[in-house]
Amino acid sequence: MKKLKSVIQDGDYILIVYDEKRRWIVQVKTGQAFHTNKGIIEFDKLIGKPYGIQLPSSKHKNFLIFPPTPADFLFKTVRKTQIIYPKDASFILVNTGIGPGSRVVEAGTGSGGLCSILAYYIRPNGKVYTYEIRAEFLKKAQKTLQRLGLEEFVEFKNKDILEGIEEKNVDSVILDLAIPWDIVPLARDALKPGGILASFSPTIDQIQKTTTALKKNNFGDIQVFELLLRSWQISSKNKAIQATRPHTQMIGHTGFMIFARKIEINK
Ligand SMILES: C[S@@+](CC[C@H](N)C(=O)[O-])C[C@H]1O[C@@H](n2cnc3c(N)ncnc32)[C@H](O)[C@@H]1O
């Protein structure tokens with residue numbers, strides 16, 4: 001998952017779009033093809049062509065070919081645990097200021113969803129230090145990051161974060177696990193002055209406990225958010241009736257996000 005490219009090359013991961021629901025990420029390989037029930041796409045016909053092209057399959061169905069974005073990859077991540085949704089991941093990025101060069105501690109790694117987003121944005125000279133207690137999850141997440149070409153920007157740690165954060169002076173600590181409040185004092189030690197802690201939790205009880213721990217450990221500017229995202233359908237099957245309107249169903253709840261900044265005391 002490098003910067004968006006303009007020409008399709010052998011080895012690229014590409015996004016193939018048939019419609020809103022039927023979309024795949026596949027790796028282009030010389031001499032090979034991608035099979036769907038809407039026909040076959042031969043990779044040799046794609047190599048050297050510009051991204052954004054429309055390509056007919058062997059069954060004369062049109063497919064669109066694009067470079068995948070981080071959100072596309074997030075939806076295709078192999079899930080061993082619940083992953084962060086793009087709406088929440090992007091809000092974490094803008095509220096922490098994570099960007100090129102940032103040093104970020106994350107726990108737990110889970111399926112590597114949030115980890116891949118963090119790694120994408122801290123490039124080329126930042127680092128994500130990700131802690132995961134379960135070796136099998138960490139291994140799977142590492143494979144995902146490898147597939148995305150982002151592994152070199154991450155240090156994978158098969159450790160219980162409650163045993164301590166080894167990194168110091170980091171820009172941010174990002175938590176997505178069951179008991180974030182117990183990690184708050186450790187996060188304080190790891191953060192640089194004014195550094196930002198972000199924690200994602202599905203229940204408000206968790207947020208309340210985390211808030212109490214943040215206040216006790218001299219964090220300030222504490223803010224809590226929940227984001228609701230409503231997507232729209234932009235056409236109808238019946239062309240005579242235009243039906244551009246919100247989809248009937250939406251994801252009602254993912255989680256709450258809490259942000260807080262480390263306060264310097266007695267300075
Ligand atoms: C909800 S998942 C994280 C999902 C991840 N943010 C993603 O987008 O893929 C929570 C993970 O935290 C891990 N975990 C729980 N307690 C931990 C601890 N004390 N130290 C490290 N990892 C922990 C769990 O094993 C689990 O994989």
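Q: How many residues of domain 1 are in contact with residues of domain 2?

A: In this predicted model, 8 residues of domain 1 are in contact with 5 residues of domain 2. Domain 1 runs over 13-68 and domain 2 over 72-262. The centres of the two domains, taken over C-alpha atoms, are separated by 31 Å.

Q: What is the secondary structure of the protein, and what box do its C-alpha atoms fill?

A: The secondary structure comes to 6 helices and 15 strands. Along the principal axes, the C-alpha atoms fill a box of roughly 70 × 45 × 30 Å. The accessible surface comes to about 14,100 Å², and 53% of this surface belongs to carbon and sulfur atoms.

Q: How do I read burial, and what percentage of the residues count as buried?

A: A residue counts as buried when its relative accessible area is under 20%. Of the 267 residues of this protein, 46% count as buried.

Q: Which residues have the most contacts inside the largest nonpolar core?

A: Start with the general idea: in soluble globular proteins, nonpolar side chains tend to be buried together. In this structure the largest nonpolar core has 33 residues, and Leu 118 and Ile 174 are those with the most contacts inside it. Several elements each supply at least two residues of this core, including the helices α1 (70-76), α2 (86-96), α3 (113-122) and α4 (135-147). The core draws at least three residues from each of domain 1 (13-68) and domain 2 (72-262). A second, separate core has 23 residues, including Ile 161, Ile 165, Val 184 and Phe 219.

Q: Which residues does Leu 118 touch, leaving out those up to four places away in sequence?

A: Leu 118 touches Leu 93, Ile 98, Val 104, Glu 106, Val 128 and Ile 174.

Q: Is α3 mostly covered or mostly uncovered?

A: An α-helix has 3.6 residues a turn, so residues three or four places apart point the same way. In this structure α3 is mostly covered, with 9 of its 10 residues buried. The buried residues are Gly 113, Leu 114, Cys 115, Ser 116, Ile 117, Leu 118, Ala 119, Tyr 120 and Ile 122.

Q: Does Lys 87 count as buried or exposed?

A: Lys 87 is found in helix α2. Lys 87 counts as buried because its relative accessibility is 14%, and the cut-off for buried is under 20%. The side chains of Lys 87 and Asp 88 are joined by a polar contact of 3.1 Å. Leaving aside neighbours within four places in sequence, Lys 87 is in contact with Leu 227, Leu 229 and Thr 254.

Q: How far apart in space are Leu 191 and Lys 168?

A: In general, separation along the chain and separation in space are read as two numbers. Leu 191 and Lys 168 are 23 residues apart in sequence and 6.3 Å apart in space, C-alpha to C-alpha. Leu 191 has its place in strand β11, and because its relative accessibility is 2%, Leu 191 counts as buried. Apart from neighbours within four places in sequence, the contacts of Leu 191 include Asn 169, Val 170, Asp 171, Phe 219 and Lys 262.

Q: Where does Ser 199 lie, and how far is it from Arg 22?

A: Ser 199 lies in strand β11. Ser 199 and Arg 22 are 177 residues apart in sequence and 33 Å apart in space, C-alpha to C-alpha. Ser 199 counts as buried because its relative accessibility is 3%. Not counting residues up to four places away in sequence, Ser 199 touches Leu 175, Pro 180, Phe 256, Met 257 and Ile 258.

Q: Which of the residues around the ligand come nearest?

A: There are 21 residues around the ligand, and Gly 113, Leu 114, Glu 132, Asp 160 and Asp 176 come nearest. A nitrogen atom of the ligand is 2.8 Å from an N or O atom in the side chain of Asp 160. An oxygen atom of the ligand lies 3.0 Å from a backbone N or O atom of Gly 113. A polar backbone atom of Gly 112 is 3.3 Å from an oxygen atom of the ligand.

Q: What percentage of the ligand's accessible area does the protein cover?

A: The size of an interface is often given as the accessible area lost when the parts come together. On its own the ligand has 610 Å² of accessible area, and the protein covers 86% of it.

Key: Residues numbered from 1 in each chain as written. Predicted model: local features only at pLDDT ≥ 70, side-chain atom pairs only at ≥ 80, totals over all residues. Heavy atoms only, no water. Core = buried A, V, L, I, M, F, W, Y, C linked by side-chain atoms within 4.5 Å. Buried < 20%, exposed > 50% of the residue type's maximum accessible area, 1.4 Å probe, protein only. Helix = DSSP H or I, 4+ residues; strand = E, 2+ residues; numbered from the N terminus. Domains from an automatic or database assignment. Contact = heavy atoms within 4.5 Å. Near = heavy atom within 4 Å. Polar contact = N/O pair within 3.5 Å; in protein donor to acceptor, adjacent residues only side chain to side chain. Areas by Shrake-Rupley, 256 points an atom, 1.4 Å probe, with all protein chains shown as cover.
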